[in-house]
Amino acid sequence: MVVLDAKNVTKTFDGAIALDSVSLSVAEGEAVAIIGPSGSGKSTLLRCFAQLVSIDSGEITICSKPMVTSPSGKAVYSPKDQLHEIQLMTGMVFQSFNLFSHFSVLENITNAQIHVLKRSKAEAEHIAISLLDKVSLADKANAYPFQLSGGQAQRVSIARALALSPKVLFFDEPTSALDPELSGEILRVIKDLAQESRTMIVVTHEMAFAREISDRIVFMEEGRAAIEGTPAQIFENTSSPRLRRFLEGMDFSSNDKS
Amino acid sequence: MFLPCARNWRITYAILATAEEKSIELCYTTIQWQIALLAQNIWRKTMQKYMSMAGPMIDGCGKLLAIFFLTLAFSLPLGLLVAFGRMSKHKIISTPIRIYQLVMRGTPLILQLMVVFYAPSFLFKIRPSRFTACITAFVINYAAYFAEILRAGIEGIPQGQHEAAKALGYTTWQKYTLIIIPQVTKRVLPPMGNEFMTLLKDTALSTTIGIAELFRATSNAAIRMVSVAPYLAAGLIYFALNSIVEKAFQIAENKLGYYKIL
(Lines give C-alpha, C1' and ligand atoms only; values in the text may rest on other atoms or scores of the structure.)
Protein backbone atom coordinates (compact mmCIF):
# COMPACT_ATOMS: atom_id res chain seq x y z
CA MET A 1 0.00 0.00 0.00
CA VAL A 2 1.26 3.44 -0.88
CA VAL A 3 1.27 5.72 2.15
CA LEU A 4 2.54 8.86 0.49
CA ASP A 5 2.35 9.70 -3.16
CA ALA A 6 3.64 12.98 -4.50
CA LYS A 7 3.63 13.94 -8.16
CA ASN A 8 5.34 16.91 -9.79
CA VAL A 9 5.42 18.97 -6.60
CA THR A 10 6.56 22.47 -7.46
CA LYS A 11 7.18 25.34 -5.10
CA THR A 12 8.71 28.75 -5.60
CA PHE A 13 9.63 31.31 -2.95
CA ASP A 14 9.42 34.81 -4.42
CA GLY A 15 10.30 33.53 -7.84
CA ALA A 16 13.15 31.31 -6.66
CA ILE A 17 12.44 27.68 -7.41
CA ALA A 18 12.61 25.57 -4.24
CA LEU A 19 11.01 22.42 -5.60
CA ASP A 20 11.03 21.63 -9.27
CA SER A 21 8.50 18.95 -10.17
CA VAL A 22 9.47 16.46 -7.46
CA SER A 23 7.77 13.09 -7.45
CA LEU A 24 8.10 10.58 -4.65
CA SER A 25 6.16 7.52 -3.62
CA VAL A 26 6.58 5.84 -0.26
CA ALA A 27 5.13 2.41 0.48
CA GLU A 28 3.93 1.24 3.87
CA GLY A 29 6.80 0.18 6.12
CA GLU A 30 9.36 1.85 3.93
CA ALA A 31 12.08 4.14 5.27
CA VAL A 32 13.21 6.74 2.78
CA ALA A 33 16.19 8.99 3.34
CA ILE A 34 16.53 12.28 1.53
CA ILE A 35 20.07 13.58 1.14
CA GLY A 36 21.58 16.43 -0.75
CA PRO A 37 23.41 19.69 -0.39
CA SER A 38 22.00 22.60 1.64
CA GLY A 39 19.32 24.51 -0.19
CA SER A 40 18.46 21.59 -2.42
CA GLY A 41 14.84 21.58 -1.19
CA LYS A 42 14.94 18.52 1.10
CA SER A 43 13.36 20.23 4.09
CA THR A 44 10.92 22.18 1.94
CA LEU A 45 9.65 18.94 0.42
CA LEU A 46 9.09 17.47 3.88
CA ARG A 47 7.35 20.65 5.04
CA CYS A 48 5.05 20.46 2.04
CA PHE A 49 4.09 16.92 3.04
CA ALA A 50 3.47 18.09 6.63
CA GLN A 51 1.26 20.95 5.38
CA LEU A 52 3.60 23.58 6.79
CA VAL A 53 4.30 24.95 3.32
CA SER A 54 1.73 25.16 0.57
CA ILE A 55 2.77 24.08 -2.91
CA ASP A 56 2.27 25.93 -6.18
CA SER A 57 1.38 22.92 -8.28
CA GLY A 58 1.50 19.16 -8.20
CA GLU A 59 -0.34 16.45 -6.30
CA ILE A 60 0.13 14.99 -2.83
CA THR A 61 -1.90 12.02 -1.63
CA ILE A 62 -1.52 10.48 1.80
CA CYS A 63 -3.09 7.09 2.55
CA SER A 64 -5.20 7.42 -0.62
CA LYS A 65 -6.61 10.74 0.62
CA PRO A 66 -5.78 13.59 -1.71
CA MET A 67 -4.25 16.53 0.15
CA VAL A 68 -3.69 18.67 -2.88
CA THR A 69 -4.39 18.20 -6.59
CA SER A 70 -3.67 20.33 -9.63
CA PRO A 71 -6.46 19.73 -12.11
CA SER A 72 -5.61 22.83 -14.10
CA GLY A 73 -1.94 23.14 -13.27
CA LYS A 74 -2.49 25.22 -10.15
CA ALA A 75 -2.56 23.58 -6.71
CA VAL A 76 -6.02 23.11 -5.19
CA TYR A 77 -6.09 21.97 -1.57
CA SER A 78 -8.76 19.65 -0.19
CA PRO A 79 -11.42 20.91 2.23
CA LYS A 80 -10.21 21.87 5.70
CA ASP A 81 -11.60 18.84 7.55
CA GLN A 82 -9.93 16.45 5.12
CA LEU A 83 -6.65 18.31 5.49
CA HIS A 84 -6.98 17.97 9.25
CA GLU A 85 -7.63 14.25 8.85
CA ILE A 86 -4.49 13.96 6.70
CA GLN A 87 -2.54 16.05 9.19
CA LEU A 88 -3.26 13.45 11.85
CA MET A 89 -1.85 10.71 9.62
CA THR A 90 1.49 12.48 9.46
CA GLY A 91 3.94 13.14 12.26
CA MET A 92 6.79 15.60 12.19
CA VAL A 93 10.06 15.74 14.09
CA PHE A 94 11.82 19.08 13.75
CA GLN A 95 15.47 19.99 13.63
CA SER A 96 14.94 22.38 16.55
CA PHE A 97 12.65 20.00 18.54
CA ASN A 98 9.96 22.67 19.07
CA LEU A 99 8.78 21.24 22.37
CA PHE A 100 6.14 23.36 24.10
CA SER A 101 8.10 25.29 26.71
CA HIS A 102 5.25 25.65 29.21
CA PHE A 103 4.40 21.95 29.28
CA SER A 104 6.27 19.26 31.17
CA VAL A 105 7.67 16.37 29.17
CA LEU A 106 4.57 14.32 30.00
CA GLU A 107 2.18 17.14 29.06
CA ASN A 108 4.03 17.67 25.79
CA ILE A 109 3.14 14.11 24.87
CA THR A 110 -0.39 14.00 26.34
CA ASN A 111 -1.79 17.42 25.42
CA ALA A 112 -2.38 16.77 21.72
CA GLN A 113 -3.74 13.30 22.49
CA ILE A 114 -6.28 14.81 24.87
CA HIS A 115 -7.28 17.87 22.83
CA VAL A 116 -6.80 16.68 19.28
CA LEU A 117 -7.58 12.97 19.48
CA LYS A 118 -9.98 13.40 22.46
CA ARG A 119 -8.35 10.57 24.38
CA SER A 120 -8.94 10.43 28.12
CA LYS A 121 -6.21 11.84 30.34
CA ALA A 122 -5.50 8.42 31.84
CA GLU A 123 -5.19 6.76 28.44
CA ALA A 124 -3.01 9.58 27.10
CA GLU A 125 -0.71 9.34 30.11
CA HIS A 126 -0.50 5.58 29.81
CA ILE A 127 0.56 5.92 26.16
CA ALA A 128 2.97 8.76 26.99
CA ILE A 129 4.70 6.79 29.72
CA SER A 130 5.17 3.72 27.54
CA LEU A 131 6.60 5.94 24.78
CA LEU A 132 8.91 7.67 27.25
CA ASP A 133 10.07 4.22 28.29
CA LYS A 134 10.78 3.44 24.68
CA VAL A 135 13.02 6.48 24.27
CA SER A 136 14.52 5.78 27.75
CA LEU A 137 13.30 9.01 29.32
CA ALA A 138 10.74 7.69 31.81
CA ASP A 139 12.61 9.50 34.61
CA LYS A 140 12.16 12.86 32.85
CA ALA A 141 8.36 12.77 32.68
CA ASN A 142 7.98 15.75 35.01
CA ALA A 143 10.91 17.77 33.73
CA TYR A 144 10.39 20.88 31.61
CA PRO A 145 11.96 21.34 28.15
CA PHE A 146 14.52 23.89 29.40
CA GLN A 147 15.88 21.23 31.75
CA LEU A 148 16.62 18.75 28.94
CA SER A 149 19.71 18.28 26.82
CA GLY A 150 19.26 18.56 23.07
CA GLY A 151 19.31 14.80 22.67
CA GLN A 152 16.69 14.32 25.38
CA ALA A 153 14.48 17.05 23.92
CA GLN A 154 14.63 15.44 20.50
CA ARG A 155 13.68 12.05 21.95
CA VAL A 156 10.70 13.66 23.69
CA SER A 157 9.68 15.26 20.41
CA ILE A 158 9.83 11.85 18.72
CA ALA A 159 7.64 10.40 21.48
CA ARG A 160 5.25 13.33 21.06
CA ALA A 161 4.90 12.62 17.35
CA LEU A 162 4.50 8.88 17.92
CA ALA A 163 1.78 9.40 20.52
CA LEU A 164 -0.71 10.36 17.82
CA SER A 165 0.03 7.09 15.96
CA PRO A 166 0.75 8.68 12.58
CA LYS A 167 0.83 6.55 9.44
CA VAL A 168 4.00 8.24 8.27
CA LEU A 169 6.73 10.04 10.21
CA PHE A 170 8.80 12.90 8.83
CA PHE A 171 12.20 13.65 10.33
CA ASP A 172 13.59 17.03 9.30
CA GLU A 173 17.33 16.86 9.99
CA PRO A 174 16.69 15.45 13.46
CA THR A 175 20.33 15.57 14.54
CA SER A 176 21.54 18.79 12.90
CA ALA A 177 21.00 20.90 16.00
CA LEU A 178 22.79 18.43 18.25
CA ASP A 179 26.37 17.98 19.31
CA PRO A 180 27.86 15.00 17.48
CA GLU A 181 28.04 12.96 20.70
CA LEU A 182 24.30 13.46 21.27
CA SER A 183 23.12 12.60 17.79
CA GLY A 184 23.93 8.93 18.34
CA GLU A 185 21.04 8.50 20.80
CA ILE A 186 18.59 10.00 18.30
CA LEU A 187 19.86 7.87 15.45
CA ARG A 188 19.45 4.78 17.62
CA VAL A 189 15.82 5.64 18.34
CA ILE A 190 15.10 6.24 14.65
CA LYS A 191 16.85 3.00 13.74
CA ASP A 192 14.60 1.14 16.18
CA LEU A 193 11.57 2.71 14.54
CA ALA A 194 12.82 1.67 11.10
CA GLN A 195 13.26 -1.84 12.36
CA GLU A 196 9.61 -1.83 13.50
CA SER A 197 8.77 -1.13 9.84
CA ARG A 198 7.37 2.29 10.49
CA THR A 199 6.87 4.34 7.37
CA MET A 200 9.20 7.29 7.49
CA ILE A 201 10.96 9.91 5.47
CA VAL A 202 14.20 11.19 6.97
CA VAL A 203 16.01 14.27 5.75
CA THR A 204 19.55 13.90 6.99
CA HIS A 205 23.15 14.86 6.58
CA GLU A 206 24.33 11.70 8.34
CA MET A 207 25.30 9.55 5.38
CA ALA A 208 26.24 6.44 7.33
CA PHE A 209 22.94 6.62 9.12
CA ALA A 210 20.99 7.13 5.89
CA ARG A 211 22.71 4.12 4.42
CA GLU A 212 22.01 1.97 7.45
CA ILE A 213 18.33 2.67 8.11
CA SER A 214 16.82 3.42 4.73
CA ASP A 215 15.30 1.15 2.16
CA ARG A 216 15.64 3.86 -0.41
CA ILE A 217 17.64 7.06 -0.73
CA VAL A 218 16.68 10.13 -2.72
CA PHE A 219 19.46 12.52 -3.67
CA MET A 220 18.10 16.01 -4.17
CA GLU A 221 19.80 18.80 -5.95
CA GLU A 222 18.57 22.26 -6.94
CA GLY A 223 14.97 21.42 -6.11
CA ARG A 224 14.88 18.20 -8.08
CA ALA A 225 14.89 14.60 -6.96
CA ALA A 226 18.01 13.97 -9.03
CA ILE A 227 18.83 10.37 -8.20
CA GLU A 228 16.81 7.72 -6.43
CA GLY A 229 17.87 4.22 -5.49
CA THR A 230 18.67 1.68 -2.80
CA PRO A 231 21.50 2.64 -0.43
CA ALA A 232 23.82 0.35 -2.34
CA GLN A 233 22.89 1.93 -5.65
CA ILE A 234 23.41 5.43 -4.27
CA PHE A 235 26.66 4.85 -2.43
CA GLU A 236 28.22 2.78 -5.21
CA ASN A 237 26.93 5.02 -7.93
CA THR A 238 29.78 6.19 -10.12
CA SER A 239 27.85 7.52 -13.05
CA SER A 240 26.88 10.84 -11.44
CA PRO A 241 29.79 13.15 -10.78
CA ARG A 242 27.52 15.49 -8.74
CA LEU A 243 26.51 12.70 -6.37
CA ARG A 244 30.12 11.50 -6.07
CA ARG A 245 31.29 15.00 -5.27
CA PHE A 246 28.55 15.40 -2.66
CA LEU A 247 29.26 12.07 -0.98
CA GLU A 248 33.00 12.67 -0.97
CA GLY A 249 32.46 15.98 0.73
CA MET A 250 30.42 14.39 3.54
CA ASP A 251 31.91 13.32 6.82
CA PHE A 252 31.65 9.58 7.29
CA SER A 253 33.20 9.54 10.72
CA SER A 254 29.69 9.24 12.21
CA ASN A 255 29.82 5.61 11.14
CA ASP A 256 30.85 4.28 14.55
CA LYS A 257 28.16 6.21 16.43
CA SER A 258 24.97 4.84 14.93
CA MET B 1 -13.84 55.85 130.45
CA PHE B 2 -10.79 57.09 128.51
CA LEU B 3 -10.74 54.29 126.15
CA PRO B 4 -14.31 54.63 124.95
CA CYS B 5 -13.73 58.41 124.63
CA ALA B 6 -10.67 57.87 122.52
CA ARG B 7 -12.61 55.37 120.65
CA ASN B 8 -15.34 57.90 120.00
CA TRP B 9 -12.84 60.40 118.68
CA ARG B 10 -11.35 57.89 116.49
CA ILE B 11 -14.71 57.04 115.15
CA THR B 12 -15.47 60.72 114.60
CA TYR B 13 -12.16 61.17 112.83
CA ALA B 14 -12.84 58.17 110.72
CA ILE B 15 -16.20 59.57 109.74
CA LEU B 16 -14.70 62.98 109.01
CA ALA B 17 -11.83 61.52 106.99
CA THR B 18 -14.20 59.50 104.93
CA ALA B 19 -16.27 62.55 104.23
CA GLU B 20 -13.21 64.55 103.25
CA GLU B 21 -11.95 61.78 101.01
CA LYS B 22 -15.29 61.55 99.41
CA SER B 23 -15.45 65.26 98.75
CA ILE B 24 -11.89 65.33 97.34
CA GLU B 25 -12.76 62.37 95.27
CA LEU B 26 -15.84 64.16 94.11
CA CYS B 27 -13.79 67.17 93.29
CA TYR B 28 -11.31 65.15 91.25
CA THR B 29 -14.08 63.34 89.44
CA THR B 30 -15.56 66.64 88.38
CA ILE B 31 -12.25 67.87 87.01
CA GLN B 32 -11.73 64.58 85.29
CA TRP B 33 -15.11 64.86 83.74
CA GLN B 34 -14.45 68.33 82.56
CA ILE B 35 -11.11 67.35 81.04
CA ALA B 36 -12.67 64.30 79.50
CA LEU B 37 -15.47 66.34 78.02
CA LEU B 38 -13.03 68.87 76.68
CA ALA B 39 -10.84 66.18 75.15
CA GLN B 40 -13.84 64.47 73.72
CA ASN B 41 -14.95 67.71 72.20
CA ILE B 42 -11.58 68.39 70.61
CA TRP B 43 -11.40 64.78 69.45
CA ARG B 44 -14.89 64.93 67.97
CA LYS B 45 -14.21 68.23 66.25
CA THR B 46 -10.90 66.96 64.84
CA MET B 47 -12.47 63.68 63.79
CA GLN B 48 -15.34 65.51 62.21
CA LYS B 49 -12.89 67.60 60.29
CA TYR B 50 -10.92 64.58 59.20
CA MET B 51 -13.92 62.39 58.61
CA SER B 52 -15.44 65.05 56.39
CA MET B 53 -12.28 64.66 54.33
CA ALA B 54 -11.98 60.88 54.72
CA GLY B 55 -15.54 60.10 53.67
CA PRO B 56 -15.25 61.50 50.13
CA MET B 57 -11.69 60.19 49.89
CA ILE B 58 -12.82 56.66 50.73
CA ASP B 59 -15.59 57.00 48.15
CA GLY B 60 -12.93 58.30 45.77
CA CYS B 61 -10.89 55.14 46.34
CA GLY B 62 -13.96 53.11 45.43
CA LYS B 63 -14.33 55.06 42.18
CA LEU B 64 -10.60 54.67 41.51
CA LEU B 65 -10.83 50.90 41.92
CA ALA B 66 -13.99 50.74 39.79
CA ILE B 67 -12.25 52.60 36.94
CA PHE B 68 -9.14 50.44 37.37
CA PHE B 69 -10.88 47.08 37.29
CA LEU B 70 -13.52 47.93 34.67
CA THR B 71 -10.84 49.32 32.36
CA LEU B 72 -8.79 46.14 32.73
CA ALA B 73 -11.81 43.89 32.25
CA PHE B 74 -12.64 45.47 28.90
CA SER B 75 -9.32 46.69 27.55
CA LEU B 76 -7.38 43.43 27.96
CA PRO B 77 -9.71 41.36 25.71
CA LEU B 78 -10.09 44.32 23.34
CA GLY B 79 -6.31 44.73 23.31
CA LEU B 80 -5.87 41.08 22.32
CA LEU B 81 -8.36 41.56 19.49
CA VAL B 82 -6.57 44.73 18.36
CA ALA B 83 -3.22 42.89 18.50
CA PHE B 84 -4.52 40.19 16.16
CA GLY B 85 -6.02 42.84 13.89
CA ARG B 86 -2.70 44.65 13.78
CA MET B 87 -0.93 41.40 12.82
CA SER B 88 -3.42 40.71 10.04
CA LYS B 89 -1.94 40.13 6.59
CA HIS B 90 -4.79 42.18 5.13
CA LYS B 91 -3.87 45.86 4.97
CA ILE B 92 -7.55 46.76 5.02
CA ILE B 93 -7.66 45.49 8.64
CA SER B 94 -4.17 46.28 9.89
CA THR B 95 -3.93 49.86 8.58
CA PRO B 96 -7.05 51.29 10.29
CA ILE B 97 -5.96 49.56 13.47
CA ARG B 98 -2.51 51.09 13.23
CA ILE B 99 -4.07 54.53 12.79
CA TYR B 100 -6.37 53.96 15.78
CA GLN B 101 -3.36 52.99 17.90
CA LEU B 102 -1.42 55.99 16.65
CA VAL B 103 -4.22 58.35 17.67
CA MET B 104 -4.68 56.72 21.08
CA ARG B 105 -0.99 56.68 21.85
CA GLY B 106 -0.25 60.00 20.20
CA THR B 107 -2.73 62.23 22.03
CA PRO B 108 -3.14 62.92 25.76
CA LEU B 109 -5.55 60.68 27.64
CA ILE B 110 -6.91 63.77 29.38
CA LEU B 111 -7.96 65.12 25.97
CA GLN B 112 -9.49 61.78 24.96
CA LEU B 113 -11.55 61.82 28.16
CA MET B 114 -12.94 65.22 27.25
CA VAL B 115 -13.64 64.22 23.64
CA VAL B 116 -15.47 61.05 24.66
CA PHE B 117 -17.52 62.96 27.24
CA TYR B 118 -18.31 66.17 25.34
CA ALA B 119 -18.24 65.14 21.67
CA PRO B 120 -21.46 63.03 21.69
CA SER B 121 -23.52 65.96 23.00
CA PHE B 122 -22.15 68.22 20.24
CA LEU B 123 -22.48 65.67 17.48
CA PHE B 124 -25.61 63.67 18.32
CA LYS B 125 -27.21 65.59 21.18
CA ILE B 126 -26.64 62.55 23.40
CA ARG B 127 -25.13 63.14 26.79
CA PRO B 128 -23.30 60.06 28.04
CA SER B 129 -23.01 59.62 31.77
CA ARG B 130 -19.71 60.83 33.16
CA PHE B 131 -18.75 57.39 34.35
CA THR B 132 -19.60 55.64 31.04
CA ALA B 133 -17.59 58.23 29.14
CA CYS B 134 -14.70 57.80 31.56
CA ILE B 135 -14.61 53.99 31.24
CA THR B 136 -14.96 54.18 27.44
CA ALA B 137 -12.03 56.59 27.11
CA PHE B 138 -9.82 54.52 29.41
CA VAL B 139 -10.72 51.26 27.63
CA ILE B 140 -10.01 52.48 24.09
CA ASN B 141 -6.82 54.19 25.24
CA TYR B 142 -5.43 51.28 27.23
CA ALA B 143 -6.45 48.67 24.63
CA ALA B 144 -4.12 50.42 22.17
CA TYR B 145 -1.19 50.06 24.58
CA PHE B 146 -2.07 46.52 25.67
CA ALA B 147 -2.35 45.51 22.00
CA GLU B 148 1.26 46.52 21.38
CA ILE B 149 2.47 44.61 24.42
CA LEU B 150 0.48 41.52 23.45
CA ARG B 151 1.61 41.78 19.82
CA ALA B 152 5.23 41.86 20.92
CA GLY B 153 4.51 38.84 23.15
CA ILE B 154 2.78 36.87 20.41
CA GLU B 155 5.38 37.68 17.76
CA GLY B 156 8.12 36.76 20.21
CA ILE B 157 6.93 33.16 20.42
CA PRO B 158 9.20 31.15 18.11
CA GLN B 159 7.71 30.06 14.77
CA GLY B 160 8.58 26.48 15.72
CA GLN B 161 5.83 26.47 18.36
CA HIS B 162 3.26 27.31 15.68
CA GLU B 163 4.65 24.66 13.34
CA ALA B 164 4.72 21.97 16.01
CA ALA B 165 1.13 22.75 16.99
CA LYS B 166 0.01 22.62 13.37
CA ALA B 167 1.87 19.37 12.74
CA LEU B 168 0.23 17.82 15.81
CA GLY B 169 -3.19 18.67 14.46
CA TYR B 170 -4.23 21.46 16.81
CA THR B 171 -6.82 23.79 15.31
CA THR B 172 -5.85 27.45 15.13
CA TRP B 173 -8.08 28.20 18.13
CA GLN B 174 -6.53 25.36 20.16
CA LYS B 175 -3.05 26.44 19.12
CA TYR B 176 -3.63 29.92 20.51
CA THR B 177 -5.52 28.99 23.66
CA LEU B 178 -3.39 25.98 24.64
CA ILE B 179 0.07 26.76 23.30
CA ILE B 180 0.65 30.38 22.33
CA ILE B 181 -1.32 32.59 24.76
CA PRO B 182 -0.13 30.76 27.93
CA GLN B 183 3.46 31.43 26.90
CA VAL B 184 2.63 35.00 25.89
CA THR B 185 1.24 35.58 29.40
CA LYS B 186 4.62 34.85 30.92
CA ARG B 187 6.40 37.03 28.40
CA VAL B 188 4.21 40.11 28.83
CA LEU B 189 4.05 40.18 32.64
CA PRO B 190 6.83 42.78 33.17
CA PRO B 191 5.54 45.34 30.61
CA MET B 192 1.95 44.66 31.75
CA GLY B 193 2.99 45.47 35.32
CA ASN B 194 4.12 48.87 34.04
CA GLU B 195 0.78 49.55 32.37
CA PHE B 196 -1.29 48.38 35.34
CA MET B 197 0.57 50.71 37.68
CA THR B 198 0.29 53.61 35.25
CA LEU B 199 -3.44 52.96 34.85
CA LEU B 200 -3.94 53.11 38.61
CA LYS B 201 -2.37 56.56 38.70
CA ASP B 202 -4.04 57.67 35.45
CA THR B 203 -7.48 57.23 37.07
CA ALA B 204 -6.75 60.67 38.55
CA LEU B 205 -7.20 62.18 35.08
CA SER B 206 -10.92 61.36 35.18
CA THR B 207 -11.31 64.31 37.52
CA THR B 208 -11.33 66.49 34.38
CA ILE B 209 -14.77 65.20 33.41
CA GLY B 210 -16.04 65.45 36.96
CA ILE B 211 -15.63 61.95 38.30
CA ALA B 212 -15.41 62.09 42.09
CA GLU B 213 -12.41 59.79 42.27
CA LEU B 214 -9.64 59.95 44.84
CA PHE B 215 -7.80 62.92 43.39
CA ARG B 216 -10.93 65.06 43.10
CA ALA B 217 -11.89 64.24 46.70
CA THR B 218 -8.35 65.03 47.82
CA SER B 219 -8.30 68.43 46.13
CA ASN B 220 -11.66 69.32 47.65
CA ALA B 221 -10.49 68.31 51.11
CA ALA B 222 -7.26 70.23 50.76
CA ILE B 223 -9.12 73.39 49.80
CA ARG B 224 -11.65 73.04 52.63
CA MET B 225 -9.07 72.27 55.28
CA VAL B 226 -6.50 74.71 53.89
CA SER B 227 -3.95 71.95 54.35
CA VAL B 228 -1.66 69.76 52.28
CA ALA B 229 -2.39 66.79 54.57
CA PRO B 230 -4.99 65.33 52.18
CA TYR B 231 -2.44 65.33 49.34
CA LEU B 232 0.00 63.48 51.55
CA ALA B 233 -2.70 60.96 52.43
CA ALA B 234 -3.64 60.54 48.75
CA GLY B 235 -0.01 59.99 47.82
CA LEU B 236 0.23 57.25 50.43
CA ILE B 237 -2.98 55.65 49.16
CA TYR B 238 -1.80 55.58 45.52
CA PHE B 239 1.51 54.19 46.70
CA ALA B 240 -0.11 51.52 48.88
CA LEU B 241 -2.48 50.40 46.10
CA ASN B 242 0.34 50.21 43.55
CA SER B 243 2.42 48.25 46.04
CA ILE B 244 -0.36 45.67 46.01
CA VAL B 245 -0.36 45.65 42.19
CA GLU B 246 3.40 45.23 42.17
CA LYS B 247 3.20 42.37 44.67
CA ALA B 248 0.49 40.67 42.61
CA PHE B 249 2.74 40.79 39.54
CA GLN B 250 5.66 39.46 41.53
CA ILE B 251 3.52 36.53 42.68
CA ALA B 252 2.32 35.90 39.11
CA GLU B 253 5.89 35.93 37.82
CA ASN B 254 6.93 33.45 40.48
CA LYS B 255 3.95 31.25 39.65
CA LEU B 256 5.01 31.14 35.99
CA GLY B 257 8.67 30.79 36.88
CA TYR B 258 8.54 27.01 36.68
CA TYR B 259 9.40 27.05 32.97
CA LYS B 260 11.58 29.00 30.59
CA ILE B 261 10.58 29.96 27.07
CA LEU B 262 13.07 28.33 24.73
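The model is predicted.

The contact draws 25 residues from chain A and 20 residues from chain B. Together the two chains bury about 2,100 Å². Carbon and sulfur atoms account for 61% of that area. Between chain B and chain A, 11 residue pairs are in polar contact, both residues being at pLDDT 80 or more. On the chain B side, α5 (159-167) and α6 (172-202) each supply at least two of the residues that touch chain A. The largest share, 7 residues, comes from α5(B). By type, the residues of chain B that touch chain A comprise 12 nonpolar, 5 polar and 3 charged.

The interface of chain B and chain A holds 1 salt bridge. Its partners are B:Glu163 and A:Arg47, with an N to O distance of 2.4 Å. Over all chains, the structure holds 17 salt bridges. B:Glu163 lies in helix α5 of chain B and A:Arg47 in helix α1 (residues 42-49) of chain A, so this pair joins two chains. B:Glu163 counts as buried because its relative accessibility is 14%, under the 20% limit. A:Arg47 also counts as buried, at 18%.

Within chain A, A:Glu125 and A:Lys121 form a salt bridge at 3.6 Å, N to O. Both residues lie in helix α4 (residues 121-134) of chain A; they are 4 residues apart, so about one helical turn separates them. In an α-helix, residues three or four places apart point the same way, because there are 3.6 residues a turn. A:Lys121 is exposed, with a relative accessible area of 57%. A:Glu125 is partly exposed, at 25% relative accessibility.

A:Lys191 and A:Glu212 form another salt bridge, at 2.9 Å, N to O. This pair links distant parts of the chain. A:Lys191 sits in helix α6 (residues 180-195) of chain A and A:Glu212 in helix α7 (residues 207-213) of chain A, 21 residues apart. A:Lys191 is buried, at 17% relative accessibility. A:Glu212 is partly exposed, at 41%. In chain B, salt bridges with shared partners join B:Arg86, B:Glu148, B:Arg151 and B:Glu155 into one network.

Helix α7 of chain B covers residues 214-225, 12 residues in number. From first C-alpha to last it reaches 16 Å, close to the 16 Å expected at 1.5 Å a residue. At its start, a side-chain oxygen of B:Glu213 comes within 2.8 Å of the backbone nitrogen of B:Phe215. Buried residues of α7(B) include B:Leu214, B:Ala217, B:Ala221 and B:Met225. Just after the helix, B:Val226 adopts a positive phi of about 50 degrees.

Methods
Residues numbered from 1 in each chain as written. Chains lettered and ligands numbered in written order. Predicted model: local features only at pLDDT ≥ 70, side-chain atom pairs only at ≥ 80, totals over all residues. Heavy atoms only, no water. Contact = heavy atoms within 4.5 Å. Buried area = accessible area lost by both parts, 1.4 Å probe. Salt bridge = Lys/Arg side-chain N within 4 Å of Asp/Glu carboxyl O. Polar contact = N/O pair within 3.5 Å; in protein donor to acceptor, adjacent residues only side chain to side chain. Nonpolar A, V, L, I, M, F, W, Y, C, P; charged D, E, K, R; others polar. Expected span 1.5 Å × (residues − 1). Buried < 20%, exposed > 50% of the residue type's maximum accessible area, 1.4 Å probe, protein only.
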